[in-house]
Amino acid sequence: MGTLLQQIINGLSLGSVYALIAVGYSLVYSILLFSNFAHGSFLVIGGYSCYFALKTLGMNIWLAGGLSLLAAGASAILTERLAYKPIRERTNVTLYLLIASMGMSIVIENIFVVTVGGRFRALPPVIPTDPVNLFGLATTSAFDLISLVVAVICLGGLQIFLTRTKWGLAIRAAAYNLRIAGLMGVNVSRLISLVFFVAGVLAAVGGIFLSVRYTLYPQLGGITIKAFVAAVIGGLGSLPGAVVGSLILGLAEMLTAGFISSQLRDLVVFSLLVITLLFRPTGLFGKSVGEKI
Amino acid sequence: MAFALELGGVNKFFGGVHAVNDMSFILQEGELAGLIGPNGAGKTTIFNLVTGVYDVSSGHITFFGEDITNHKTYEVVRKGIARTFQNLRLFASATVLENVMTACQQHHRYSFLEACTHLGRWRSVEREIRDRSMTLLERVGLADRADQTATTLPYGHQRRLEIARALALEPRLLLLDEPAAGMNPEEVQDLNRLIQKIHADFGLTILVIEHHMELVMEICPHIVCMNFGALIAEGDPEHIQGHPEVLKAYLGEEVEE
Amino acid sequence: MSAYTEGIITLLMINAIAAMGVCLLTGFTGVFTLGHAAYMALGGYATAILTVKYHLHWLPAVVAGGILAIVVAYVIGIPTLKLMGDYYAIASIGLGEAIRLILENWQSVTRGARGYPGIPTFTTMPVAVGFFLVLAFLLFCLLNGSYGRMFKACRDDHIAAALLGYDTARVRVLSLVLSAFYCGVSGGLLAGFLSFIQPVMFDMLKSTELTAVVVFGGLGSLSGCLLGTTIITLVTELFRPISQYRMLIYGAVLVIIMVLRPEGIMGQYEFGPKLFRKLFGRKAPAQERR
């Protein structure tokens, strides 16, 4: 019983980190209707900025964290301006955006490979990982609890932003119909930059926690594929869906690793994807985008 | 004898919007009929329901006696229904001729093996597809532009190309969705003549959605008028022109002083 | 001809076959894939096991590799290609990784991550060129006829294509299955060339390289994809010393092409009279144009 509870908490913790990534990705998808494959790179940028801020600049975790969020957010905006905007303005073939995003993802990942090298780096232990005893029922690490709490706070913050602020309202309108939102007076260009900034920031938070959990290396962004799967399971374009999908995925992964085999974790993830596509392709909460015929 | 097209009690909801409200009408074989109504009346939705692009919420649709309600689009088309689109859907990377050939080849096939090797019947069937497509282009007056990229044609020509492409399917029922949109009166007259000619030459059943009264009133002996998703009047042009509901739909209600 | 040059040409032929497969799926049918190296892996391993363990002659072994790829592609394709847009792209990444994981972990059959050695080196230059010429001919013929028009229609406007009576999902599956065959054969030939294969040879780098080559050469142009393969294979060889920058360059190529010239080098054109006329012909008189 203790192990089960432990794995559940692990699963929720991992899932909540996936949620941060999946939500950012789904947010971009809901506005621009394309899968930004470069999303994982924002994660990596967040991780590395934090690492260097901590190690080389000797900042404390709060400052380092803040810096990495800004760095990731800024790179997200830069990516959008450099690679996506010119394509978006010329054509509405999403295939080109997809390919460009893949390209950006490779470019950013490999910039890290050639500049700082591909070796694994451990972040200085600024986030406590000591075991914590939960009401005598199970032991889990403080890290898992902290990442869960931080994820909840961030997602809660996002929710408040989306429902209570003017820009949040604009984003929700744009998710419904970007062109109309523009016609209603929303500055579409700035809105898109804002959305990318938010996505980048969320990815960076996830990136920091993932770097602690798995150590930091340039291909860490590859873990985003799991966030993509989570977003698909929850329904592309739906934010609550992304959260639910991520939690399901995190739980599935941890329960498989704990009770069946660690090797099969990833297979379970992809099987969930196939099952979703087979039986409920629009995901749990997905909106099917209808075209005017 | 079965009716060419029959709609019985068809309803379509999009969420809370009752886009099509208990529509029923019948098209006899060989008719040239018109479907009119103000913008947003649900006319294109009817086409989409008939061709399986949307599923009906309730009701049934039969085509020459066969039930085609909620069938997949390609199944419906293969049974003999072809359509053109309000917002032109030509194949942008293909030439004018290739657009028509893509439709024409549905009735002239060769095997996969012949396709990979260009042997056997390939050459003769390809030639037949090309010839038939050119003939159709000649009919609509586009033969001289056969090798142009389809989307570089002037707007009116693109509409005619869509008609040629639909005809290449050798349909029994042809649905034309606002074929005269964006045309000037002279072009509309040309289109009128073209539609009537097609109707006479091919013996097709044709249903035309149109906004342009000149087109519909002139060539369609049978007109169905919709508003807010429901049928408000049906009959010949004279009947429709004088019908109070139709006038109300298009011109608005008179304000009683 | 030196052994080195022969080797380059052989490798070029192998890459070209796989690239043609991806070109069919992504360029001509509009389905973006990032996991086609998986089909190469399936072909490679099937060929390796059949020749080494069961002493089958290499020709049926390579074809069998292609057929295995077809079967897997069919099974995967049916559920995933029903959907439009990005779903297949994501699924293809997942599939690529899943297959690689299976190959790494199914030690008893595939010898795991250490790789499969001892494959007879049957892929000589004539063999590779032979396969290439036959497969290129078949594909070129296929794309120049009804099937080509059908694939392009489903790519350009899947709703209009459905309204011409095409079952677009099945068309996409057909395209996937054919592309998988080409990649499977390519993988089999690669096994016979290197005499040794490892799962890591068929990772995201390889899949991305395939897609980059097709995009670079021109989505919708078979000769473009061959041109792209030639350039990239040669450049990879020439720049072997800086191979760590390879991925960076592929990525940059993808982005730059999409931003500056999304239709790639050749655009929609093939090598032939039309292209010649476009490049060197007189400007058409005004009457002919509009």
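I began with B:Lys12, which stands opposite B:Val20 in E2(B). Helices (H or I, at least four residues) and strands (E, at least two) are DSSP runs, numbered from the N terminus.

A note on what I have open: this is a predicted model, where local features need pLDDT of at least 70, side-chain atom pairs count only at pLDDT 80 or more, and totals for chains, interfaces and linings use all residues. Residues are numbered from 1 along each chain as its sequence is written, while chains are lettered from A and ligands numbered from 1 in the order in which they are written.

**Sheet in chain B**

I then looked up how strand E1 (residues 5–14) of chain B meets E2(B): seven bridges join them, and they run antiparallel. Strands pair if DSSP finds at least two bridges between them. The open sheet has four strands in the order E2-E1-E4-E5 (chain B), with antiparallel pairing. Strand E2 (17–27) and strand E5 (66–67) of chain B are at the edges with a single partner strand each, so one side of each lacks a neighbour in the sheet.

**Hairpin in chain B**

Next I checked E9 (residues 222–227) and E10 (residues 230–235) of chain B, antiparallel strands joined by five bridges. B:Ile223 has B:Gly235 in E10(B) as its bridge partner. The two strands form a hairpin with two residues between them, and B:Phe228 in the turn has a positive phi of about 50 degrees.

**Helix pair in chain A**

I turned to helix H6 (residues 166–176) and helix H8 (residues 188–214) of chain A, which pack at about 100 degrees with their axes 11 Å apart. Axes are lines fitted to C-alpha atoms, for helices over the stretch in contact, and angles run from 0 to 180 degrees between N-to-C directions. H6(A) is therefore roughly perpendicular (65 to 115 degrees) to H8(A). On the H6(A) side the contact is made by A:Trp167, A:Ala170, A:Ile171 and A:Ala174, and on the H8(A) side by A:Leu191, A:Leu194 and A:Val195. Contact here means C-beta atoms, placed from the backbone, within 7 Å.

**Chain B against chain C**

Last, I looked at the interface: 24 residues of chain B are in contact with 22 residues of chain C. Helices H2 (73–80), H3 (96–104), H4 (112–117) and H5 (122–140) of chain B each give two or more residues to that side of chain B.

Note on methods:
Two residues are in contact if their C-beta atoms, placed from the backbone, lie within 7 Å. Angles under 35 degrees count as roughly parallel, over 145 as roughly antiparallel, 65 to 115 as roughly perpendicular and the rest as oblique.
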